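Here is a protein to look at together. Take a moment with the sequence and the 3D view, and then we'll walk through what holds the pieces next to each other.

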Amino acid sequence: MAKAAKKSSSKKPAIAPSSGLPIDIGISAKDRAAVVAELSRTLADTYTLYLMTHNFHWNVTGPMFSTLHQMFMTQYTETWQALDAIAERIRALGHYAPGTYAEYARLSSIAEPASVPSAEDMLRMLVDGNESVARTARRAFQCADAVNDQPTADLLTQRLDVHEKNAWMLRSLLA
């Protein structure tokens, strides 16, 4: 007599908070929630950095105006596109993505400037901002890696590469 096929789990799949439908992707609801918490911080830091970079693009002055104006535009455009990928990963894990200034202010580790800084201070703040996103993404990566969440780990590896490179390029202008 043939044995019945063994089910992968005797538990019912967890219900996704944002849809009311079960999710059974091999990552528990608790682990998905932990990853989402870290991704939400990454999203908040990324959005805050995006906004700061765009602000500096508009308001930079001085002898390096053209170089910085173009560099800031390249960086904020790439960062803007990354926001969607991060938010959509949160949704794929079954949660709502944070999307308000109040949520970003609560979740972000990046302080916004109170006024328009000098071009040199803009560079310093953007180095700090990119390094902050890298630190936040690295913590999120560790969480995703610990629960075997390869798509999130891959996304975060890509973000780490971008923000570490941006910080290096910005830092080199201050040397």
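## Rings that pair up

Let's begin with the aromatic side chains: the count comes to five aromatic pairs. To make a pair, rings of Phe, Tyr and Trp (its six-membered ring) need centres within 6.5 Å; planes under 30 degrees apart count as stacked, over 60 as edge-to-face, and the rest as tilted. Before we go on, note that this is a predicted model, where local features need pLDDT of at least 70, side-chain atom pairs count only at pLDDT 80 or more, and totals for chains, interfaces and linings use all residues. Residues are numbered from 1 along each chain as its sequence is written, and side-chain values use heavy atoms, with hydrogens and water left out.

How do you describe a ring pair? You give the distance of the centres and the angle of the planes. Take Tyr47 and Tyr50: their ring centres are 5.8 Å apart and their planes sit at 55 degrees, so this pair is tilted. Both residues belong to helix α1, three residues apart, which is about one turn of the helix. (Helices here are DSSP runs of H or I with at least four residues, numbered from the N terminus.) Tyr47 and Tyr50 are both buried. Buried means under 20% relative accessible area, exposed means over 50%, and partly exposed is in between, using a 1.4 Å probe and protein chains only.

Tyr47 also pairs with Tyr101: the centres are 6.1 Å apart and the planes are at 70 degrees, so this one is edge-to-face. The pair links distant parts of the chain, with Tyr47 in helix α1 and Tyr101 in helix α3, 54 residues apart. Zooming out, Tyr47, Tyr50, Tyr76, Trp80, Tyr101 and Tyr104 form one aromatic cluster.

## The greasy middle

Next up are the nonpolar cores. A core is a set of buried Ala, Val, Leu, Ile, Met, Phe, Trp, Tyr and Cys residues joined through side-chain atoms within 4.5 Å. The largest one has 25 residues, and Val35, Leu39, Leu43, Ile86 and Ile90 touch the most other members. Who supplies this core? Helices α1, α2, α3 (101-107), α4 (119-146) and α5 (150-172) each give at least two residues. The largest share, seven residues, comes from α1.

Leaving out residues up to four places away in sequence, Leu43 touches Leu83, Ile86, Ala87, Ile90, Ala97, Pro98 and Tyr104, where a contact means heavy atoms within 4.5 Å. There is also a second, separate core of 15 residues, which includes Phe56, Leu68, Phe72 and Ala119.

## Charges that meet

How many salt bridges does the structure hold? There are seven. Each one is a side-chain nitrogen of Lys or Arg within 4 Å of a carboxyl oxygen of Asp or Glu. Here are three of them:

| Salt bridge | N to O distance |
|---|---|
| Arg159 and Glu78 | 2.6 Å |
| Arg124 and Glu120 | 2.8 Å |
| Glu164 and Arg138 | 2.1 Å |

Let's start with the pair of Glu164 and Arg138, bridged at 2.1 Å. Glu164 lies in helix α5 and Arg138 in helix α4, so this bridge ties together parts that are 26 residues apart in sequence. Glu164 is partly exposed at 40%, and Arg138 is partly exposed at 38%. Within helix α4, Arg124 and Glu120 are four residues apart, or about one helical turn.

Now for Arg159 and Glu78, whose side chains meet at 2.6 Å. Arg159 is in helix α5 and Glu78 in helix α2, so the pair ties together parts 81 residues apart in sequence. Arg159 is buried, at 6% relative accessible area, while Glu78 counts as partly exposed at 27%.

Finally, find Thr79 in helix α2 (residues 65-92). Thr79 is buried, with a relative accessible area of 2%. Which residues does Thr79 touch, not counting residues up to four places away in sequence? They are Thr46, Tyr50, Arg159 and His163.
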